Amino acid sequence: MEDTLDGDTGSRKDLILDRINKRDKDRKNYLDVKSEQRSKETVQNEGVDYFAQTFGQRAYDIEKSILMLDMNSGDAPLPDLSKRLPEITVQIQELQRYLTASTMFLSDFKIKSCQNMLNALTSSNDEARQRLMPKKKFGFSGKKTAPKQKPLPVVVDGEPQEKKTPKKEQSGSNFTWTIANRRNAHIVLTADEVNGQDITISNLSECLVELQGHPGSVQISKATQCTLLCGPVARSFFAEQLDRCTVAIACQQLRLHSSHSTRIYLHVTCRAIIEDCKKIEIGEFNYDYPELEADYAASGLNKSQNNYTDVADFNWLSPDVHSPNWSLLKDHPAPNWNALRRDFLSNNNNNNDKEEKEKETSTII
């Protein structure tokens, strides 16, 4: 009887010891998991803190450099300014790449704040360039020469121009646009005109614009019912106030502001950003022409990397719900750009013929 009791007591002790050991093991596993989570959070926080410190310091250094230009502009010879301003531009571009590479662990609010800082630095640098190194409007020499006419861009309708430098058109300020204030026009800039250049476009309506080659950057402000076809852009594509437009663009960075009802066929190597936009449709870049491969190589754009499905909407910060302001083009046939061009030119010629007949009729009357 006593042996039986001793056996039962031993079994209970073993069970209790097993439970204690299991609980201790579970506790240690729980602590290990928590420790690993804290370690990951610490690493991430350290990454965010390091980014904030590094980005802030570099932005401050750039801002200080721009301010020093104004302070020293009276004493600095022109060659120094012509060298220093491009250096600052490169620093801003490097800081932009640093931000883009860090977006994977930054919040949308932080990305937007840093992007606003970069935009402000870019604007300050551009203003300093226009103020300290204005474009020469007159030349002074020992003999008088006839003023040169500004070269025209290759503007349609099917009539190519001999000049190879795009026309710069004045706006209300001192800023000069590459193309501005056009309506119902087919505008073509050749590779010789756009390669490596910063192309700026403003106030277009019902136009077809073709930028052949590889621009350095493209900026558009205010376009209505227009189509833009463009080869690989080495740096950024910035557009605002696009209304019912179609764009085919390959670029490193895309920023779209205050636009609606616009369709973009996109190749972008960084994360695209939209703000204050509605009804934006995005599909994969499909513009093609014989020199495309060579233009990709010359622009330095990575053709194998396309993040067109990764779009940050600064007006929609919910990470779990897709933004209602943009959508991917699905089950939609790719445009035939050659057919689109033919239709545009045909319609444009018909409109011109109609206008000519109306003028003749009014003259007879």
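## Helices, strands and the whole chain

Helices (H or I, at least four residues) and strands (E, at least two) are DSSP runs, numbered from the N terminus. By that count, the protein chain here has 6 helices and 17 strands. What you're looking at is a predicted model, where local features need pLDDT of at least 70 and side-chain atom pairs count only at pLDDT 80 or more, while totals for chains, interfaces and linings use all residues. Residues are numbered from 1 along each chain as its sequence is written, and side-chain values use heavy atoms, with hydrogens and water left out.

Buried means under 20% relative accessible area, exposed means over 50%, and partly exposed is in between (1.4 Å probe, protein chains only). Of the 365 residues in the protein chain, 35% are buried.

## Two nonpolar cores

A nonpolar core is a set of buried Ala, Val, Leu, Ile, Met, Phe, Trp, Tyr and Cys residues joined through side-chain atoms within 4.5 Å. The largest one has 37 residues, and Phe237, Ile249 and Leu254 touch the most other members. Apart from that core lies another, of 22 residues, including Phe55, Ile88, Leu99 and Leu118. In soluble globular proteins, nonpolar side chains tend to be buried together.

Which residues does Ile249 touch, not counting those up to four places away in sequence? With contact meaning heavy atoms within 4.5 Å, the list is Cys230, Val233, Phe237, Leu254, Ile264, Tyr265, Leu266, His267 and Phe285.

## Thr227, tucked into a strand

Thr227 is part of strand S9, which covers residues 227-232. Is Thr227 buried or exposed? Thr227 counts as buried because its relative accessibility is 14%. Leaving aside neighbours within four places in sequence, Thr227 is in contact with Cys207, Leu208, Val209, Thr246, Trp337 and Leu340.

## Two positive phi angles

Most residues other than glycine have a negative phi. Asp276, though, has a phi near 55°, a positive value. You'll find Asp276 in the loop between strand S14 (272-275) and strand S15 (278-284), and Asp276 is partly exposed, at 47% relative accessible area.

Lys279 isn't a glycine either, yet its phi is positive at about 55°. Lys279 sits in strand S15, and Lys279 counts as exposed because its relative accessibility is 63%.

## A nonpolar patch outside

Ile16, Leu17 and Ile20 form a nonpolar patch on the surface. Ile16 itself lies in helix H1, residues 2-72, and Ile16 is partly exposed, with a relative accessible area of 46%.

Conventions. Patches are made of residues with over 30% relative accessible area and no salt bridge: like charges are joined within 9 Å, nonpolar side chains (Val, Leu, Ile, Met, Phe, Trp, Tyr) within 5 Å. Accessible areas come from the Shrake-Rupley method with a 1.4 Å probe; for residues, only the protein chains shown count as cover. A salt bridge is a side-chain nitrogen of Lys or Arg within 4 Å of a carboxyl oxygen of Asp or Glu.
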